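Hi everyone, thanks for making the time. I'd like to walk you through one model today, beginning with a single chain and ending with where two chains meet.

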Amino acid sequence: MNNRLRVMRAERRWSQADLAQRLEVSRQSINAIETGKYDPSLPLAFKLARLFDTTIEAIFTDEPRQTA
Amino acid sequence: MYCELTPEVKRRNRRELLRKFWPVYLIYITATGMFLFLHPAHNSPLAYVLAISLALSLIGMIVTLAVVTTRQRDEFQKQLIIQSMTWGLCGMMSITTTWGLLEVFTDVRPLPILMNFPIFIVIMAAAKVTLFRNNRPADE
């Protein structure tokens, strides 16, 4: 699963720690989601969508991750 | 540890774990120590009391671990903890199965069943450190 979390976080000038604090998870979790190591559960995905005031589909896509 | 939790989550996790885990852990350590150093007489009431205390404290620790893991709100860390517990179980089963076969077919000294839990804990702890270190978030 691919996601735009890093971009959306950067647009708000939030650090990983800021986002972790808002979601009540560890920075490790945020980093794992951003790097594609971990796909969040639906409740966490909804929490993310609410926090960024958008939909889950706007954050996560099932397109394969592009490698540089 | 090798992870960065927010201070609030860190405090909550530590509080919850310590409150539930240490009482049963102390019973386990005390009973094990008494077994090892007091050498209770064969078939004595003390031997039965210590054995039952050990069993109950073990059940208590396993239930505590399960409850704390279930309530862990950070799902990625929960996944890592479950992975490390799986490593602990697999390691314990591999070692005890191999040792058991060696006991049957060779002259190797018998491994006390009492060692099962420490083997599980040691392998789980090593796996947890390794997994958390491997998944340490990079600097921003």
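Before I name any elements, a word on terms: helices here are DSSP runs of H or I with at least four residues, strands are runs of E with at least two, and both are numbered from the N terminus. Please also keep in mind that this is a predicted model.

So, chain A. There are five helices and two strands in it. If you follow chain A from the N terminus, the order reads β-α-α-α-α-α-β.

How does the radius of gyration of chain A sit against that of a compact globule? For 68 residues the globule would come out near 11 Å, and chain A has 11 Å, so the two agree. The C-alpha trace of chain A spans about 30 × 25 × 20 Å along its principal axes. Of the 68 residues in chain A, 29% are buried. And if we take the contacts in chain A between residues at least 6 apart in sequence, 53% of them join residues at least 24 apart.

Now, on to the partner chain. Here 17 residues of chain A are in contact with 14 residues of chain B. On the side of chain A that touches chain B, α2 (16-23) and α3 (27-34) each supply at least two residues. Which element gives the most to that side? That would be α3(A), with five residues.

Note on methods: Residues numbered from 1 in each chain as written. Chains lettered and ligands numbered in written order. Predicted model: local features only at pLDDT ≥ 70, side-chain atom pairs only at ≥ 80, totals over all residues. Contact = placed C-beta atoms within 7 Å. Rg over C-alpha atoms; globule rule 2.2 N^0.38 Å. Buried ≥ 20, exposed ≤ 12 C-beta atoms within 10 Å, placed from the backbone.
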